[in-house]
Structures are given as C-alpha cells and as structure tokens.
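Colleague: I would like to learn how to read cavities and strands in a model. Please take them one at a time.

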Amino acid sequence: MLGWLAGCAEPRVPAGGPRDTTPPGLLNSEPPNEAVNFSGESVRLEFTEYVNQASFARAFSITPEPAGQPRFRWRKRRVTIEYGTLFRDSTTYVISLGNDLRDMRGVALKNPITLAFSTGNIIDQGRIRGRVVESRLGLPAAGLDILAYAVRGDSVAGTPSYRTQSSEDGSFALSYLREGQYFVAAVQDRNRDLRPSLGELFAAPPVPAVMATPDTMAAAYRWVVSRLDTIAPQIDRVRSLSSTRLQVRFSEPVVLSQLAPGIWSLVDSLTGRHVTVRALYLTADNARNVYLRTDPLQDRVYGLRPDPAVTDSSGNSVSAAVLHFTSSARADTTITRFTGFLPLDSADALGLAPFEVPQVMFNEALLDMSPTALLTVTDPSGAQRDVRSVTRDGTTYALQFVPPLAEDDTIGVAIRDPAGRGTYTHHFARAGSHALGGLSGGVLPVSVHTIIDLLNPAGQILLSTTADSTGKFIFDGLPEGEYHIRAYIDANSNGRWDGGQVSPYVAPEPVTWLRAPERVRPRWNTTLGDTLRILS
C-alpha cells in the first residue's frame with residue numbers, strides 16, 4: 001500500500017517515567033466496525049495513545065484496495081485516511097492493522113486489529129483461521145503476513161484479496177471474507193512485494209484451496225514455516241592471504257560434501273598452467289569462507305572454479321562460474337595448531353552418549369600428516385589403543401577407537417600440538433546404561449517414508465529413526481534431560497523435511513510434533529502417552 005504522511009508534526013513522548021509495555025489499541029472508528037450502507041471517501045481511526053506514524057503506514061492495509069491514492073491526515077491520536085473517491089458500491093471492506101504498528105515508545109501490537117464496513121446492506125461473513133509454526137519444534141511463528149488469494153476455477157487472483165498477520169501465539173483469523181475458496185500463504189514480506197523472496201521465511205498452504213465460510217467451528221489448518229532457497233551459492237570474492245593460502249568467500253554458508261582438493265580448478269591466467277590445490281577446509285566461526293592451501297602462486301591473475309559438489313544447506317550446488325583474482329606472492333605465516341577437544345575440554349572424564357563422538361580440532365587443514373600421527377590413545381591399564389580419524393570440514397576430526405569405546409570404558413587421549421607447544425591430554429568415558437534412558441512411542445500413518453527426529457531444546461536434530469511395521473519407534477541410550485520429537489512423511493525421500501513452494505504450488509511435507517518436551521531419566525524407558533499422528 002502506497003501513501004504519504006501529511007498533517008501536523010508527529011508528537012514526541014517525554015523521556016523518563018515508568019517503562020511503557022502496553023501496545024496501542026483502537027478506541028473507535030468511523031465508520032464503526034461492521035457498519036453497513038456506508039458512503040464516503042475516507043475512514044477515521046482513533047487510538048488509545050499516540051502512535052508512530054511511520055509504523056502506521058507500514059501496518060495499515062485495506063482490502064479490496066479503493067481506487068484512489070490514500071492520504072493520511074493526523075490530528076493527535078486520530079488519523080483520517082482519504083481516498084478522494086467514493087468506495088465501491090455493495091462491497092465489504094476490511095481494514096487490517098498489522099504487528100508493525102507501534103506507539104511512540106516503540107511498543108508493538110501483539111495481535112493484529114481487524115475491522116470491516118460495507119457500502120451495501122450486508123457484511124461478508126466468511127472466515128478462515130489457522131496457525132503458523134516453525135518447522136523444528138512446532139513453536140509459534142508471529143508477525144508473518146497472511147495473504148489470501150481468491151481461487152476462481154483453476155486460477156488464483158494475481159493480488160491478495162485479504163491480508164492479516166499471525167499473532168504472538170502464531171494464530172491468525174481472516175474475517176469478513178466473501179464466501180469461497182482461497183489460496184492462503186504466510187510470508188515474511190520484508191520487501192512488500194506480496195511474495196516470498198530469497199531468504200524470506202514463508203509457509204506454503206497445507207492444501208491448495210481453503211474454504212471461507214461463516215462457520216466459526218470450521219477446522220483450523222496449520223502453516224509450517226520454511227525458507228525460500230532456490231539460488232545456487234556462488235563465489236563473492238577470492239582473497240589471497242599469502243602465496244599458498246586463499247580465502248574463498250561464498251554468497252551464503254556452504255557445505256563441503258567432499259574434501260577433494262584436486263577437483264577445484266586453479267589456473268594461471270597468463271600461462272594457462274594448472275596449480276595444485278593441496279587441501280581445503282572450513283572453520284567453525286564462518287561457513288561462508290572456504291580456505292584453500294595451494295602450491296606457490298605468483299603475483300598475477302588466476303582463475304578459480306570450485307568443486308561442483310559444494311552445496312548450500314538446501315542442497316543447491318555451487319555455481320560453476322570461474323572467478324578471477326590477483327594473487328599475492330608474500331610468504332605464508334600461519335602456524336598449524338591444535339585448538340581443542342570436543343565435547344568441551346575438561347580435566348574430568350566425560351560420559352559420552354552412544355551418539356556422541358570424541359573429536360579433536362585444529363585451526364586449519366593438516367598438510368602431509370594425519371591427526372592420528374599426533375595422537376596417543378591409552379586405556380586405564382596403560383596399553384595403547386589404535387585410533388582412526390574422519391573429517392567433514394578439514395579441521396574437526398572425529399575419533400574412532402579400535403576396539404570401540406565400550407560402556408563404562410574410559411580412555412586417555414594425548415595429542416602432540418603440531419605447533420610445538422607441547423602435548424595436551426584428555427579423558428573420554430562412554431556412559432553406562434545406568435546413566436542412560438530411552439524414549440519410545442508410536443506414529444501414524446505407518447509408512448516407509450515416515451521419519452522421526454529426536455531434537456534437543458535448541459532445535460538441533462540429535463538422532464533420526466523410522467518406525468516398525470506397527471508404527472512403534474524407540475530412541476535408546478539417551479542422557480538424562482528434555483527432548484523434543486518431530487515426525488514427518490519424507491515424500492521425496494531426500495532425508496529432510498521440505499516446506500514445499502508457494503508458486504508454483506507444491507504442498508509441504510506433512511509433519512507433526514510432540515506437544516511438549518519429554519524428560520528422560522536414567523535406567524528408565526519413557527513411553528509417550530499419545531500416538532503421534534501425521535495429518536496430510
């Protein structure tokens with residue numbers, strides 16, 4: 001909605017006094033809510049307190065849009081919205097004030113405000129209600145724009161017929177709709193283009209058409225938030241840190257699907273000679289930066305093409321375009337160092353759950369050596385144990401002991417710092433069954449595509465499993481604590497939940513969650529009281 005501010009200067013609230021936590025409210029309106037047979041060219045709203053005029057312009061919408069251009073005229077706590085032309089005859093107009101509305105101290109609406117009036121003798125009474133939630137734990141997603149597009153036959157209206165926002169608890173209610181079918185999407189519409197844009201949160205509708213009826217008991221659907229990501233990551237820049245080290249910055253965080261430095265193409269633009277990439281790695285602090293260790297480069301232009309197996313978190317493969325850069329010939333001064341153990345460094349033995357793996361970390365990729373050459377592993381008797389290592393990012397190595405770390409087993413790990421700063425030691429212990437519990441339950445429908453995720457309170461997926469032929473599932477070997485469970489139907493068999501698309505429409509994969517976290521106790525199998533039901 002376009003508009004401009006006019007009228008008196010915006011008032012200022014004096015500093016000091018008790019903190020204001022009360023959001024603005026609507027005191028009255030002209031025409032009143034649900035008024036009929038209205039004729040005029042403007043509407044007036046009066047608030048319980050002074051509101052921020054710029055926020056009002058962002059929060060205000062009226063559907064269907066009147067023909068004239070809106071002009072906002074302010075007088076104290078009242079605003080008059082003038083259109084310069086009469087409203088359309090025999091039409092229900094719906095005014096919405098979204099959560100962007102703030103008072104002069106910045107306190108925002110918690111729930112959107114909706115009111116309606118009609119230029120005819122009836123008010124449309126169609127209603128659609130629903131709830132918007134995030135995808136990991138099913139928690140409320142507030143402040144998303146809810147856009148309802150009229151469905152006519154096989155087509156969807158080009159602009160939304162109605163609009164509101166999700167409330168603090170994620171719920172929304174579209175009221176005063178003309179009865180009929182609507183395509184309803186939720187969008188974090190930051191750029192106000194009425195569609196999901198790259199990086200914006202969105203929720204595709206669970207069904208392509210939702211019926212608006214006066215029935216206040218009609219079933220409420222659930223919209224699950226996803227993020228639009230169909231763009232391949234690409235190299236933003238290549239920075240030469242030295243003659244043998246490059247920092248490759250991507251447009252978004254990336255995943256090294258394979259550590260294959262030989263697949264990266266590095267070419268001297270002057271001679272056409274290929275330069276060997278000896279190692280590559282990511283660091284934990286910034287997944288947008290991939291570092292390459294190379295044979296010596298000269299002070300001239302080179303071209304770099306990345307390994308096509310590099311992807312973003314959505315699985316989009318990196319752009320294969322060549323990026324040219326000027327290298328530095330200065331000597332490399334970085335010293336390879338040991339940086340710590342995982343789980344967290346401690347002088348005490350750690351009780352690891354069966355799904356936890358001991359790890360060692362370095363500040364960069366190791367050249368011409370394996371981390372196992374730096375490690376000495378001993379059992380409590382002092383006997384040495386073999387160890388193997390696996391890395392996915394080139395700097396953090398998971399340790400695999402031979403034989404494996406058994407229940408109640410304790411093992412000492414000593415690592416010689418490649419920088420010559422000495423030897424660091426740490427003890428790892430595998431937790432015994434007396435310290436672990438289990439969590440089991442049932443899920444419907446039973447399908448080979450049904451996946452059950454176990455998550456911690458931060459929404460991190462710890463384990464995933466499938467159910468047996470009766471729908472039963474179990475997570476064993478869990479440390480004491482609270483856990484969340486999510487279950488979904490992996491319709492495309494890609495091993496992760498997908499939120500579908502708004503345009504062209506693709507339905508989100510059906511998903512459900514445990515209503516509240518479940519606590520696991522040692523030596524006890526906690527059984528869920530209710531069966532998880534995935535509604536499609």
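Modeller: Start with the largest cavity, which is lined by V94, S96, T114, Y162, R163, T164, A173, L174 and S175. This is a predicted model, in which local features need pLDDT of at least 70, side-chain atom pairs count only at pLDDT 80 or more, and totals for chains, interfaces and linings use all residues. Residues are numbered from 1 along each chain as its sequence is written, and side-chain values use heavy atoms, with hydrogens and water left out.

Colleague: What is a cavity here, and what volume does the largest cavity have?

Modeller: Rolling a probe the size of a water molecule over the atoms shows where empty space is left. On a 1 Å grid over the protein atoms alone, a cavity is a set of points where a 1.4 Å probe fits but cannot get out, and lining residues have an atom within 4 Å of a point. Points are joined across faces, edges and corners, and the volume is the space filled by probe spheres set on them. Searching the whole structure gives one cavity of 30 Å³ or more; the volume of the largest is about 40 Å³.

Colleague: Which strands each supply at least two residues of that lining?

Modeller: Strand 7 (92-97), strand 12 and strand 13 (171-177) do. Strands are DSSP runs (E, at least two residues), numbered from the N terminus.

Colleague: Are the residues of strand 12 buried or exposed?

Modeller: In a regular strand the side chains alternate between the two faces of the sheet. In strand 12 (residues 162-165), Y162 and T164 on one side and R163 and Q165 on the other are all buried, buried meaning under 20% relative accessible area and exposed over 50% (1.4 Å probe, protein chains only).

Colleague: How many bridges join strand 10 to strand 12?

Modeller: Strands of a sheet pair through backbone hydrogen bonds, either parallel or antiparallel. Two strands pair if DSSP finds at least two bridges between them. Strand 10 (residues 145-152) and strand 12 run antiparallel and are joined by four bridges, with I146 opposite T164.

Colleague: In what order do the three strands of the open sheet lie?

Modeller: The order is 22-25-27, with antiparallel pairing. Strand 22 (265-268) and strand 27 (323-326) are the edge strands, each pairing on one side only. Four bridges join strand 25 (residues 301-305) to strand 27, and L304 stands opposite L323.

Colleague: Where is S313, and is this residue buried or exposed?

Modeller: S313 lies in the loop between strand 26 (310-311) and strand 27. With a relative accessible area of 63%, S313 is exposed. From D229, S313 is 84 residues away in sequence and 9.1 Å away in space, C-alpha to C-alpha.

Note on methods
1 Å grid on protein atoms, 1.4 Å probe; cavity = no way out; pocket = protein on both sides within 12 Å on 5 of 7 lines; lining within 4 Å.
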